[in-house]
Amino acid sequence: MATAAFLLLRIQDAGPFRAWIREMLKGELTTAAEIPSERLERWTACLNVAFTWHGLKALGLDEDALQTFPYEFRKGMAARAHVLGDTGSSAPEHWEFGGTRSGGPRDEDLHVLLMLYARNEDELNTRLAHQRTLLAKAGVQELSCQRAAHSRDQDGRVSFREPFGFQDGISQPVIQGFRKPGRHPEDDDSPIAAGEFILGHDNEYQEKPLSPTVRANRDALGRLNAAQLAGRKDLGLNGSYLVLRKLQQDVDGFNAFVEEKSKEIVDGCPQDDAKKKEWLKAKLMGRWSNGAPLKPGQHEAPEPGPHGHSNAFNYSQEDAAGLGCPVTSHVRRANPRDSIEPEPGLSRQVSRRHRILRRGIPYRGEPQAENASPEQGLIFIALNAQLGRQFEFIQQSWLHNEKFGRLYDERDPVSSNQESGMMTIPMTPLRRCMTGIQSFVTMKGGGYFFMPGVSALEFLAHLEPATD
């Protein structure tokens with residue numbers, strides 16, 4: 001889908017909103033039943049919904065059930081800022097929504113995330129207007145609406161590039177039992193267990209992730225499956241935890257930094273100025289801008305093959321020292337593959353247990369001052385079954401860890417919040433150390449949401465207030 005609108009809503013009256021859910025379930029909700037590829041071509045729009053912990057409470061879920069959700073979800077994203085690296089200008093007191101900013105929608109105000117996707121702006125506007133009419137009748141308060149859209153190339157095709165200019169959405173895990181049409185055949189060698197992303201299924205530990213439950217007597221209509229614990233029903237089955245983050249990208253600052261630092265590197269890189277800047281950008285990100293993986297000895301990006309660029313590569317044998325893809329680059333931190341010590345086999349196993357399903361769609365705002373560039377960035381969405389072990393682990397232990405890869409005092413050079421960071425670029429005969437790295441990405445708002453399966457949505461749609 002080329003365009004999207006993300007609505008953050010506050011439930012004023014649970015009864016009318018449950019009625020809205022019941023109507024949505026009659027056909028507007030996009031479910032896994034729509035997955036077959038022959039139906040994808042006929043999609044003009046998609047709709048999904050997710051709830052914060054406060055939203056489930058406002059919907060009428062009792063305290064007994066609410067306390068079965070994981071700690072990270074109950075606390076909310078703003079309270080986990082110290083874990084996520086959201087400090088300084090990215091701290092919750094500066095967020096536009098979901099934080100602690102006075103005057104803006106705070107974490108406890110966010111109840112519902114309504115996600116609308118469409119092939120074009122006209123279709124999105126039609127769907128958005130329709131939902132706003134229905135939501136107004138349900139007495140729902142709209143707190144924020146964030147529009148986002150992919151750009152199009154000269155041929156009119158959707159271009160999946162993020163604002164810094166890199167091809168986006170390449171390294172997505174293949175889920176056991178699923179295969180995305182058009183993927184490079186080699187990418188399907190090691191599919192990830194479904195339970196890493198979907199509750200109620202076995203994960204990489206060969207066990208089912210913890211799932212929220214309700215007392216069996218609360219499910220009078222029998223919508224939910226029995227939970228492992230006697231007298232309980234499984235509310236989480238086929239659901240997932242969704243991470244939403246609005247990430248502003250300082251494109252001018254990033255390009256200016258590359259321009260300045262490219263003049264300092266003379267040997268071991270392209271001599272042409274434009275190619276040198278492209279090479280340096282790739283070293284920071286960990287891939288070429290066209291999506292090709294970085295390999296030792298490359299001075300410019302290779303052309304894609306008939307299936308595009310393969311994502312089935314590792315580091316330990318071909319690039320252990322980071323002469324191609326620097327050890328501390330963004331991509332290598334986000335998914336270390338087989339490069340974590342003490343040995344590749346264990347590293348691959350560890351990496352598989354921290355994967356997330358990630359989606360990003362660019363947004364553009366209005367210029368804040370005359371002759372200034374418009375604000376731009378990504379609406380980042382991630383799906384995972386365990387927030388702490390997956391999304392939060394990647395943020396804390398890999399992206400923002402200053403001692404990642406046996407290096408010291410270095411963070412992710414692209415996404416970390418820092419004032420004067422540094423990055424080591426392994427080269428022969430001598431490595432280079434870039435200093436003065438600024439924050440190129442600023443957190444502007446977000447939240448943790450639970451995206452229920454269809455049965456759980458049916459249960460919530462018919463939920464009656466507890467009487468005991």
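# A briefing on cavities, strands and loops

Leaving aside residues up to four places away in sequence, H354 touches R389, Q390, F393, I394 and W398, where contact means heavy atoms within 4.5 Å. This is a predicted model, in which local features need pLDDT of at least 70 and side-chain atom pairs count only at pLDDT 80 or more, while totals for chains, interfaces and linings use all residues. Residues are numbered from 1 along each chain as its sequence is written, and side-chain values use heavy atoms, with hydrogens and water left out.

- H354 sits in the loop between α11 (344-352) and β11 (357-364); helices (H or I, at least four residues) and strands (E, at least two) are DSSP runs, numbered from the N terminus.
- With 9% relative accessibility, H354 counts as buried. Buried means under 20% relative accessible area, exposed over 50%, and partly exposed in between (1.4 Å probe, protein chains only).
- A polar atom of the H354 side chain lies 2.6 Å from the backbone oxygen of R389.

**Cavities**

- How many cavities of 30 Å³ or more are there in the whole structure? A search finds five.
- A cavity here is a set of points, on a 1 Å grid over the protein atoms alone, where a 1.4 Å probe fits but cannot get out, and lining residues have an atom within 4 Å of a point. Grid points are joined across faces, edges and corners, and a volume is the space filled by probe spheres set on the points.
- The largest cavity holds about 900 Å³ of space. Its lining is made up of 42 residues, and D168, H330, A334, R358 and F380 lie nearest its centre.
- Two or more residues of that lining come from each of β10 (240-249), α10 (330-334), β12 (376-384), α12 (388-399) and β15 (441-451). The most come from α12, which gives five residues.
- By class, the lining of the largest cavity has 19 nonpolar, 15 polar and eight charged residues. Ala, Val, Leu, Ile, Met, Phe, Trp, Tyr, Cys and Pro count as nonpolar, Asp, Glu, Lys and Arg as charged, and the others, Gly among them, as polar.
- The second largest cavity holds about 70 Å³ of space. Among the residues that line it are P293, F313, Y315 and D319, and its lining divides into five nonpolar, one polar and three charged residues.

- Strand β3 (residues 112-118) is largely enclosed by the rest of the structure, because seven of its seven residues are buried.
- Which residues of β3 point one way and which the other way? V112, L114, L116 and A118 point one way, L113, M115 and Y117 point the other way, and all are buried.
- Strand β2 (residues 45-51) is mostly covered, with six of its seven residues buried.
- β2 and β3 run antiparallel and are joined by seven bridges; two strands pair if DSSP finds at least two bridges between them.
- Across from N48 stands M115 in β3, and V49 has L114 in β3 as its bridge partner.
- Strand β1 (residues 3-10) also runs antiparallel to β3, with seven bridges joining them. F6 stands opposite M115 in β3.

**An open sheet of three strands**

- Three strands in the order β7-β9-β8 form an open sheet with antiparallel pairing. β7 (213-215) and β8 (225-226) stand at the edges, each with a single partner strand, so one side of each is left without a neighbour in the sheet.
- Two bridges link β8 with the antiparallel strand β9 (residues 232-234), and A226 stands opposite K233 in β9.

**Backbone details in the loops**

- Most residues other than glycine have a negative phi, and most peptide bonds are trans.
- E341 and P342 are joined by a cis peptide bond with omega of about 20 degrees, and P342 lies in the loop between α10 and α11.
- Another cis peptide bond joins T428 and P429, with omega of about 0 degrees; P429 is in the loop between β13 (421-425) and β14 (432-437).
- N238, in the loop between β9 and β10, has a positive phi near 70 degrees. N238 is partly exposed, with a relative accessible area of 45%.
- R406, in the loop between α12 and β13, has a positive phi of about 65 degrees although it is not a glycine. R406 is exposed, with a relative accessible area of 66%.

Technical notes: On a 1 Å grid over the protein atoms alone, a cavity is a set of points where a 1.4 Å probe fits but cannot get out, and a pocket is an open set with protein on both sides within 12 Å along at least five of seven lines; lining residues have an atom within 4 Å of a point. A polar contact is a pair of N or O atoms within 3.5 Å; within protein, one must be able to donate a hydrogen and the other to accept it, and residues adjacent in sequence count only if both atoms are side-chain atoms.
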